[in-house]
Structure formats: C-alpha cells, structure tokens
Amino acid sequence: MFARKSIAQVQRETESSELKRTLGKWNLLLLGVGCIIGAGIFVRTGSAAALHAGPAVLLSFVVAGIVCAFAGLCYAELSSTLPVSGSAYTYGYTTLGEFVAWIMGALLLLEYGLAASVVAVGWAGYVVSLLNDFGLHIPAALTGPSGYTLMKDGAPVLVDGHTVTTVFNLPAFLICVALAALLVVGVSESAKVNNVIVAIKVGVLTAFIVVGGLIVITHFGELAAKNWVPFIPPAQGDGKFGVDGIMRAASIVFFAYIGFEAVSTAGQESKDPKRDMPFGIIGSLVVCTVIYMLVAAIMTLLVPYASLNVPDPVAVVVDHFGPTWGWLAKVIKVGAIVGLTSVVLVLMYAQTRIFYTMARDGLLPKVFSHVHPKFKTPALNTVLVGLITAVAAGFFDINLLGDATSVGTLAAFAIVCLSVIYLRRSAPDLPRGFSVPLYPVLPILGILSCAYLISTVPWNVLRFFLIYMGIAVVLYFAYGFHFSNLQHGEGQDSGPDMGEFPAPVGEQP
C-alpha cells in the first residue's frame, strides 16, 4: 500500500529538460488569471447566491480565494521539488505511497470528470437561452436533469397551467459525446487559437462588468434598496443564508477557482521561483477574486438573487440589461458558449490522461493505456470518459455535480498540503525551488480550511462522496494492489507517443 516511486528517479526524469527560465512574476500572474477565469463564474455563482448566501456571495469568494492560496503555495513547493507530469497523482505516489496515489486518482475523477459534466450543463443552459433569443425552442423536458422542476426567475415554469418536469438534458449529453469523439480522433489546438478563446472569455466578462456596472452606478440607490437589503439574508439553518450560508456558498464558488494550480506547474520556467511563484499565485488569486466580486455584485444588484438558481446566471442577468442591449446579450452568450466548449474539452482531455497514466502504472487495466494505431490517442479510455461525463451531465442536477466536484477537489488539495508536510520531514535536504512560507502553519491551515469547507456540504453529497470513495478503496484492493507495476518491481515505461495537446492557456487542468 505504501510503496513509493523513488524521488531520485522522479527528479532524474526532469534533468534533461530543455525548459528555459524565462517567466517573470508578471508573466506568472497573467498566466494565473487566464487559468482561473473560466467555467465557475459563468455557471456556479448563481446557485450559490440564490440558495445560500444572497448578495453576501461576494464574501464567499474571499473565503474560497484564501483557501485556494493555502493550497496553491503547497502546490508551488511540490512542483518546484518534483517538476513532473501527473500533478497531484504523481505527488501522492512519490510522497505518501501507492494507496494515496490511487485515492488521488479517484479524487481527480471528481475534479476533472464531473467538472466537465458541470460545465456541459452550464454550456447547455447558455445554448438554450441563445436559441430562445432566435425563436428556436428545445422541448423543455429535454433541457434539465431527471425529475427536476423547470424554474425561471425563482418560480416554476408553467406550460398550459402545469409545471414542467425535465427528463433529460439533451444538449449537455450531446456536447460531451461530440467532444469525446473529437478527442478520440485527436485534437490539436494551436497557441493562437487558445489565446483567442481566452480573449473571448475575458472580453465577455469585461463587457458584462462595464455595461452592467454603468447600469448599476446609474441606479445604485434604487437597485440596492430593492435587491441588497438585507445584504446577508437571515439564517434559515442547514447552510441557508446567514454566516453559515456564506461558508456553504464558499464551497460552491470554490469551483470558480479550479485551474489555479496550473500556475504552480510553471516552477521550472520561473526566473526566480522563491520570489515569483508566491507573487504569481497570490496575485492571480487576488485579481480574480476582485473580478468575481464585481461580477457577483452586478448579478445580485440587477436581478433578485432568488432568480439566479439556473445553469446560465450571466445569461439571465444580461437579459435584464434592457432592450437597448439586446445585441450585447447575444454576443455575451455566444462568448460564454465558445469559452465553455473549450473548458469541457480540456477537462475531458485531462481526465483521459489521468486514466492513461494510472493504467500505465498498472493501477487500472492496461487496455486503458492502449493507444489507437491511427489516431495516437487512448481511444477506449476516451470513450469511457465520454460516457461518464455525458450520462452525468444528462441525468444529474448541476448542484449535485458541482458539490461533488468541489468536495473531490478540496480533498485533493488537503492531500497536497499533507504531502508538503510529509516531504519536509522525510526528505528535508531535497533541493526546493520554492518553499512554503510560515511552515508548517500554512499547510496545516490549508488542510483544516479544506476540511471545514467539505463539512459545509449537504449530507446527501457527503454520502455520495463516502460511497464513491468506499468503492474506490474496494477496487484498489481487488485490482490495483495486485497488478501495480511497483508491486511487481517493474520500471515505469514512458508509454507510446500520443502527440501534443496543449491545454488552452485560459483553462489549464
């Protein structure tokens, strides 16, 4: 269970690296902003405000950003000490052993696989809204999860006097299937295309902030009295409003920060890791927190927060800009759709490569590391990921999917913080390009804050998480423990070449 990859072996793998140290602190900060801004702000903010925090969701972003800062600094230290592929999975394998690596792999399925489903549901919401603008209507029953009452402006949608119960989210299912097919064939995105996608996403949010901000400033007194009183709605128990609601919402909007750990992977290319890495990580988190707070402020001022429990909250708000800005609403929706499409693609890609790495290590059946002779992609592996994400997106509620994603990510971050503590004690003399300041206070705070946010999640999500992790443990002892390469003393082969798939700069896994 506790067999580990050799640290010396892992470090030797990077000695031949030709990467140049060319990134300064501002490069890292901009990289971080591009990585962080993505699906979360377009998808999850609305439900956090509507169900838990109200206008005080602004404070939830601050809490989530602080938790991310603790984990981000720990990621930075590990990446400067073990600058290898595989990220948290490899960190766990090298420090805490094979069983923890397996657990980390299971958590990454929640972080990437279910995150792709969440984003696909959000994508579907924006597509349905945009099609409605042009008079094209998908049957309402095919636009939501199984057994969900369709809502609009905080009230049930009525058709012929009856509420609409959705059966299946057809657009979300189809986008997952289509992108899985693309990944099987092999998709290569150039840096120019990636940068265009980032520019579109940032441009959409900028337009939203500028136009929405002008409307808000012009009518602030009226809007604040109508939608911001009280700013923190009275507590109703079970994480609904009040201070508990702010903390519960923090675990939801935490989704909006997924991707920040990509900054830590640039440790090998930083000019001065000890100085530049904390600046890039903390600076990008601060900038994005400010942007998120501005977006959330505009959302909750222009629209009553109870109306935002939808997959496409930005679309709902831009529809309230008024008829003068009807053209801008369409542009913003198109921009959101383009950006979210890229995010789903990258998250699914990341999940296939995690399965590939685990299969190559013998922890999953070898068939999932087989590469298609023509397309040079792990085809069967990709089909499996496509089915998992498509079924989850088609049948399950976005709030359940998002909460499960956040719990898995928080647990993974806690293990990363623990890995830093373990490596400091077991290998204190290892060369580190960057060291977590105020050690061991910050790693311990990282573990405790992640655990606290997990504790705010509803019991039905925690029950799902515990059952899921229980199944993962059983599978390890039933298969992974017996077939692991490390258990049989086999070396780690590099595997066949599958070509390059550069993750979009604006949403790196």
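Predicted model: local features only at pLDDT ≥ 70, side-chain atom pairs only at ≥ 80, totals over all residues.

**A first tour**

Q: What is the secondary structure?
A: The chain has 18 helices and six strands.

Q: How many residues, and what share is buried?
A: The chain has 509 residues, and 58% of them count as buried.

Q: And the accessible surface, what does that come to?
A: About 20200 Å². Carbon and sulfur atoms account for 68% of that area.

Q: Now helix packing. How do α14 and α15 sit together?
A: Helix α14 covers residues 326-360, and helix α15 covers residues 379-395. Their axes are 9 Å apart, at an angle of about 130 degrees.

Q: Left-handed or right-handed crossing?
A: The crossing of α14 and α15 is right-handed.

Q: Which residues meet there?
A: From α14, the list is Met348, Gln351, Thr352, Arg353, Phe355 and Tyr356. From α15, it is Asn381, Thr382, Leu384, Val385, Gly386 and Thr389. By class, that contact has five nonpolar, six polar and one charged residues.

Q: What about α8 and α14, how do they cross?
A: Helix α8 is residues 170-185. The axes of α8 and α14 come within 10 Å and cross at roughly 60 degrees. These two helices are therefore oblique to each other. Their crossing is right-handed.

Q: Which residues make that contact?
A: Ile175, Cys176, Leu179, Ala180 and Leu183 come from α8. Thr341, Val344, Leu345, Met348 and Tyr349 come from α14. The contact of α8 with α14 divides into nine nonpolar, one polar and no charged residues.

Q: Moving on to Pro378. Where is that one?
A: Pro378 is in the loop between α14 and α15. The relative accessible area of Pro378 is 0%, so this residue is buried.

Q: How far is Pro378 from Leu183?
A: In sequence, 195 residues. In space, 9.0 Å from C-alpha to C-alpha.

Q: New topic: His52. Buried or exposed?
A: His52 has 9% relative accessibility, so this residue counts as buried. The cut-off for buried is under 20%. His52 sits in helix α4, residues 45-53.

Q: What does His52 touch?
A: Leaving out residues up to four places away in sequence, His52 touches Ser47, Gly239, Lys240, Phe241, Gly245, Ile246, Arg248, Ala249 and Ile252.

Q: Phe241 is on that list. Where is Phe241 found?
A: In the loop between α10 and α11. Phe241 is buried, with a relative accessible area of 7%. Its phi is positive, about 65 degrees, although Phe241 is not a glycine.

Q: And Asp238, what is its phi?
A: Near 55 degrees, a positive value in a residue other than glycine. Asp238 is also found in the loop between α10 and α11. Asp238 is exposed, with a relative accessible area of 78%.

Definitions and conventions: Residues numbered from 1 in each chain as written. Heavy atoms only, no water. Helix = DSSP H or I, 4+ residues; strand = E, 2+ residues; numbered from the N terminus. Buried < 20%, exposed > 50% of the residue type's maximum accessible area, 1.4 Å probe, protein only. Areas by Shrake-Rupley, 256 points an atom, 1.4 Å probe, with all protein chains shown as cover. Axes fitted to C-alpha atoms, helices over the stretch in contact; angles between N-to-C directions. Left-handed = near helix turned anticlockwise from the far one by under 90°. Contact = heavy atoms within 4.5 Å. Nonpolar A, V, L, I, M, F, W, Y, C, P; charged D, E, K, R; others polar. Parallel < 35°, antiparallel > 145°, perpendicular 65-115°, else oblique.
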